[in-house]
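Hi,

Here is the structure I promised to pass on.

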Amino acid sequence: MWANAAYGWKGLAAFCGRFHFGGDNRALMKRTGISKRDIIMVNWHSKANKPAFFVARDVERKTIVVSIRGTLSPRDVLTDLCANCESFVVEDNTSILSMEEGDTDDDVVAPTSPVIVGRAHKGMVDAAKSVARMTGKTISDEFKQFPDYSLVITGHSLGGGIAAVLTAMWSSRFKANRVRSFGYGTPCTFPASWISPSLPYQQGIGVLKEYNNIVSLIGEGDPFSTISLGHIADLTKVLSKLCLDTAFRDEILKHTKFGQLTSRDMTKEDYTWCINAMVCLQKQMTAEKLFPPNTIYLFKRIGNGERDGGTIRRVDTSTFKELKLHARMFDLSYHIPARYEAVLERLVESVTEVNEVNSDDNRIIVEG
């Protein structure tokens with residue numbers, strides 16, 4: 001609800017089929033149920049690396065909400081396309097994160113405490129810095145007035161990635177106020193080396209593993225959960241090998257009966273050969289990839305009726321390490337905010353009892 005409200009009245013009409021006339025602020029109030037006095041700051045017009053967002057009070061939950069809009073305009077696409085990795089600073093020096101527009105590095109006092117350097121999608125890093133500069137002081141003032149409030153940073157798509165980066169930046173600064181991030185359809189944001197050092201195909205400090213306050217909810221089939229420059233580079237390597245090595249390609253077609261067999265239909269020998277072939281290809285997939293952060297929940301709807309159920313399970317980044325080729329791999333209907341809101345609402349409504357809890361894979365199965 002809060003994440004989708006950042007799209008304003010035009011976005012809500014286009015993506016969610018909800019028409020709220022009277023401007024973006026009125027749509028925000030109607031969508032979230034807050035009053036005009038609880039709207040702290042709004043910026044409905046984005047620029048490259050400067051996203052649209054709003055800051056508001058959720059009085060009922062005693063929360064300050066920063067909601068960052070996802071991709072809606074061509075200027076947002078420019079932010080998406082800055083897809084290489086860039087470093088950013090995680091620390092509690094308020095002077096850096098509360099710079100006003102127009103300030104230069106000379107206006108900033110050097111931090112006195114040790115700093116932690118993180119890495120993430122460049123466009124999202126620059127966008128998070130922009131939001132931090134515009135909102136940091138205002139949020140600090142709000143916490144002085146409401147010390148028992150917490151901070152939630154949320155967003156859908158690009159907004160979810162920016163929210164995750166901003167939460168990592170602010171995890172020390174607003175620690176006493178319990179800063180949390182909830183992203184919906186969060187795209188590839190952080191490299192594996194900054195999420196978990198235990199992954200065999202990357203090495204790194206794994207700083208983000210300490211931040212369980214960053215949560216991503218991703219729908220099965222969402223194409224943007226497995227698209228980064230690293231994923232595309234690895235896919236290019238594999239396709240190049242298949243094009244050049246005709247003998248290897250013919251062997252694949254032979255063991256899969258020209259792609260007609262699934263793993264369940266194969267003989268044990270064919271299945272073993274395909275596993276070994278995949279391991280051989282994976283050894284060439286060495287590009288640095290980005291992944292959705294950090295505590296990831298993957299949900300899937302089951303059925304199409306009014307009393308349908310679904311599954312929500314916690315997964316790690318290995319779920320998104322490969323870009324899979326299939327007919328609907330770029331189906332954007334799996335990513336639009338309306339689908340996320342509708343499916344999650346149905347899942348919540350359908351929970352009359354928890355039929356099964358599997359502690360091994362943290363999976364909860366719910367049915368109507």
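Below is what I found, going from the whole chain down to single residues.

First, the ground rules: this is a predicted model, so local features need pLDDT of at least 70 and side-chain atom pairs count only at pLDDT 80 or more, while totals for chains, interfaces and linings use all residues. Residues are numbered from 1 along each chain as its sequence is written, and side-chain values use heavy atoms, with hydrogens and water left out.

**The chain overall**

The chain has 12 helices and 14 strands. Both are DSSP runs numbered from the N terminus: helices are H or I with at least four residues, strands are E with at least two. Of the 368 residues, 48% are buried. In these notes, buried means under 20% relative accessible area, exposed means over 50%, and partly exposed is in between (1.4 Å probe, protein chains only). Among contacts with a separation of 6 or more, 71% are between residues 24 or more positions apart. A contact here is heavy atoms within 4.5 Å.

**Salt bridges**

I count a salt bridge when a side-chain nitrogen of Lys or Arg is within 4 Å of a carboxyl oxygen of Asp or Glu. That rule gives 14 of them. One of them joins Asp76 and Arg69 at 2.8 Å, N to O, and both of these residues are buried.

Another pairs Lys137 with Asp141 at 3.3 Å, N to O. Both sit in helix 6, four residues apart, or about one turn of the helix. Lys137 is partly exposed at 47% relative accessible area, and Asp141 is also classed as partly exposed, with 34%. There is also a network: Glu86, Lys122, Asp126 and Lys129 are joined by salt bridges that share partners.

Asp126, from that network, lies in helix 6 (residues 122-145). Its relative accessible area is 18%, so Asp126 is buried. Beyond its neighbours within four places in sequence, Asp126 is in contact with Asn49 and Glu86.

**Two loop residues with positive phi**

Asn49 brings us to the loop between strand 1 (39-43) and strand 2 (53-58). Its phi is near 65°, a positive value in a residue other than glycine. Asn49 counts as buried, at 18% relative accessibility.

Lys62 also has a positive phi, about 55°, although it is not a glycine. You'll find Lys62 in the loop between strand 2 and strand 3 (63-68). At 42% relative accessibility, Lys62 is partly exposed.

Ser150 is in strand 6 (residues 150-156) and is buried, with 12% relative accessible area.

Leaving out residues up to four places away, Leu344 touches Tyr184, Leu217 and Phe299. Its C-alpha is 9.5 Å from that of Gly219, which is 125 residues away along the chain.

**Helices 9 and 10**

Helix 9 (residues 229-244) and helix 10 (residues 246-255) pack at about 95°, with axes 5 Å apart. Helix 9 is therefore roughly perpendicular to helix 10, a label for angles of 65 to 115 degrees (under 35 is roughly parallel, over 145 roughly antiparallel, the rest oblique). The axes are lines fitted to C-alpha atoms, for helices over the stretch in contact, and angles run from 0 to 180 degrees between N-to-C directions. Lys241, Leu242, Cys243 and Leu244 make the contact from helix 9, and Thr246, Phe248, Arg249 and Ile252 from helix 10. Lys241 also forms a salt bridge with Asp245 (3.3 Å, N to O).
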